[in-house]
Amino acid sequence: ETYSSNKTISMYQIIPNDLSTWIIGDGQWIDKSGMGYYMGTDVGWTRQVFFFGLVGVFSMCFYYLKTLKLIYVKHLKSFWGSYGTVALYSFLLYTFLLNMKGFADIFYLSIVFYFCECTKRPNKVKYKSL
């Protein structure tokens, strides 16, 4: 138990009290004064609900899934084999866990793999002993 973990847990108790905020959000990310977090919460999922609403949060989760599927399963499948699917779900879980504490976008963490051109596994090189 630390001050930081207690503060994070207390921020999960801050939830929208308006139905329209739950559904479509209110589009505010920082406080009107510009000095703090909107509604006093820095927790990724609740900030996203305040900003996007549940429609936006589900759309973002769909974006996470489709982006990672494109990169790890469709683009690198021929090179990684079944490990592409393992990488997909591992990275998806990692992203959801990162969003427990604060906002994390997977685009910057995985875009480098999109540009990897891996069409087939390289053959194992056998070295001759001298």
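This is a predicted model: local features need pLDDT of at least 70, side-chain atom pairs count only at pLDDT 80 or more; totals for chains, interfaces and linings use all residues.
Tyrosine 94 is partly exposed, at a relative accessible area of 44%.

The rings of phenylalanine 91 and tyrosine 94 form an aromatic pair with 6.0 Å between centres and 65° between planes, an edge-to-face arrangement. Both residues belong to helix α5, which covers residues 83-101, and they sit three residues apart, or about one turn of the helix. An α-helix has 3.6 residues a turn, so residues three or four places apart point the same way.

## Overall make-up

The protein contains six helices and zero strands. Read from the N terminus, the order of elements is α-α-α-α-α-α. The protein has 130 residues, of which 31% are buried.

How much of the contact set joins residues at least 24 apart? Counting contacts between residues at least 6 apart in sequence, the share is 67%.

## Helix α3

Helix α3 runs over residues 44-75. Its end C-alpha atoms are only 29 Å apart, whereas a straight helix of 32 residues would span 46 Å at 1.5 Å a residue. Where does α3 bend? The bend is at phenylalanine 52 and amounts to about 110°.

## Aromatic pairs

Five aromatic pairs are found in a search of the whole structure. One of them joins tyrosine 63 and tyrosine 64 in a tilted arrangement, with a centre-to-centre distance of 5.9 Å and an angle of 45° between the planes. Tyrosine 63 is partly exposed at 33% relative accessible area, while tyrosine 64 is buried, with a relative accessibility of 0%. Ring pairs also connect these residues into a cluster made up of Trp45, Tyr63, Tyr64 and Phe96.

Tyrosine 63 is located in helix α3. Leaving out residues up to four places away in sequence, tyrosine 63 touches Asp105 and Phe107. The C-alpha atom of tyrosine 63 is 9.5 Å from that of isoleucine 106, although the two residues are 43 apart along the chain.

In soluble globular proteins, nonpolar side chains tend to be buried together. The largest nonpolar core here has 16 residues, and Leu68 and Tyr72 are the members that touch the most others in it. Which elements give two or more residues to this core? They are α3 and α5. The contribution of α3 is the greatest, at 10 residues.

Beyond its neighbours within four places in sequence, leucine 68 is in contact with Val73, Leu88, Phe91, Leu92, Ile106 and Ser110.

How values were computed. Residues are numbered from 1 along each chain as its sequence is written. Side-chain values use heavy atoms; hydrogens and water are left out. Helices (H or I, at least four residues) and strands (E, at least two) are DSSP runs, numbered from the N terminus. Buried means under 20% relative accessible area, exposed over 50%, partly exposed in between (1.4 Å probe, protein chains only). Contact means heavy atoms within 4.5 Å. Rings of Phe, Tyr and Trp (its six-membered ring) pair if their centres lie within 6.5 Å; planes under 30 degrees apart count as stacked, over 60 as edge-to-face and the rest as tilted. A nonpolar core is a set of buried Ala, Val, Leu, Ile, Met, Phe, Trp, Tyr and Cys residues joined through side-chain atoms within 4.5 Å. The expected span of a helix is 1.5 Å times one less than its number of residues. The bend at a residue is the angle between axes fitted to the seven residues ending there and the seven starting there.
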